[in-house]
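The following report concerns a model with paired chains. Please consult the sequence and structure shown here before reading on.

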Amino acid sequence: MTDDAGGATRVLGRFELVIEVGKVREFARATGATHRAYFEDEHPPIPPTFLASAALWQPASVPPPYEALGMDLQRVLHGEQEYRFLGPLPRAGDRLVVEVRIESVTEKKGRRGGTMRLARIVSDFTNEAGELVAQARATTIETGGPP
Amino acid sequence: MNSDDLTEGQQLPPREFGPISRTDIVRYQGASGDFNPIHHDEPFARDAGYSSVISVGMLQAGYVGTYFVDLFGPESVREIRVRFRDTVVPGDVLRCVGTVVAAEEVDSARLLRIEVSLERVSGGTVVSGDVSVAGASS
């Protein structure tokens with residue numbers, strides 16, 4: 001795995017994500033969804049934020065981003081999150097490959113003193129045909145001191 | 001809801017979620033695999049400076065997703081972007097509402113851009129975001 005030309009991108013790893021019907025039903029229920037597709041279809045489409053559960057498939061050899069960045073969990077906040085779907089929505093039964101990378105890390109003076117760190121983490125989700133079907137982008141913040 | 005009937009500036013029907021319980025938070029943590037103790041371990045959360053456990057931001061994001069699925073169908077959301085503005089604690093009741101900011105034809109499909117806000121019923125925005133929705137019918 002190589003960094004991009006600018007050297008800012010750091011790939012944390014790649015792993016497989018199998019979209020399971022039970023997980024789709026569980027996730028839909030946990031987010032207040034009642035649409036029958038999630039509970040009756042054999043191959044339901046994923047809920048819009050389902051790819052958050054990719055963390056469950058992340059092997060121990062791929063560190064969670066906050067750990068790779070040495071962030072203190074008691075000072076970590078989730079700032080922003082986005083999902084973009086570039087083709088038909090993934091469905092139960094699909095096998096995707098996830099590549100997680102740190103897109104950028106910036107530092108700022110925190111409002112309450114100390115240094116605040118902002119990291120942008122990108123996950124690319126590729127299907128079995130090698131097509132990019134979804135992209136996730138998270139902004140993780142480590143505050144300068146206790147909230 | 002049929003996206004063909006919607007035009008710029010139109011407000012979508014609001015929907016409430018909650019009151020958020022500790023069980024809702026734990027259920028989401030199990031579903032998502034995010035086991036940050038700040039969301040279920042009271043001493044850990046207090047030690048970090050919070051008055052109680054706080055909800056998972058991505059649970060609130062999930063409610064926003066559900067809002068759009070219920071309005072436009074499970075395959076309608078093409079893009080969802082959320083900003084977490086404030087923490088949510090057990091007992092909070094949340095209200096989701098969207099406003100159409102653009103309606104356009106892209107590759108012969110209708111695409112709506114919607115600004116969305118998840119508010120605490122007792123006051124304050126907890127999530128703001130924008131969502132692109134394609135097609136029609138739920």
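## Strand pairing between the chains

Helices (H or I, at least four residues) and strands (E, at least two) are DSSP runs, numbered from the N terminus.

This is a predicted model, in which local features need pLDDT of at least 70, side-chain atom pairs count only at pLDDT 80 or more, and totals for chains, interfaces and linings use all residues. Residues are numbered from 1 along each chain as its sequence is written, while chains are lettered from A and ligands numbered from 1 in the order in which they are written.

## Interface

Contact (C-beta atoms, placed from the backbone, within 7 Å) links 30 residues of chain A with 33 residues of chain B. On the chain A side, α1, α2 and β2 (76-85) each give two or more residues, and β2(A) provides the largest share, eight residues.

## Helix α1 of chain A

Within α1(A), residues 21-30, the buried positions are A:Lys23, A:Val24, A:Phe27, A:Ala28 and A:Ala30; a buried residue has 20 or more other C-beta atoms, placed from the backbone, within 10 Å of its own. Viewed down the helix axis, the buried residues of α1(A) fall within an arc of 165°, so they line one face; the arc is that of the directions from the axis to the C-beta atoms. Their cover includes α2 (36-40) of chain A and α1 (22-32) of chain B.

How values were computed
A residue is buried if 20 or more other C-beta atoms lie within 10 Å of its own, exposed if 12 or fewer, and partly exposed in between; C-beta atoms are placed from the backbone. Two residues are in contact if their C-beta atoms, placed from the backbone, lie within 7 Å.
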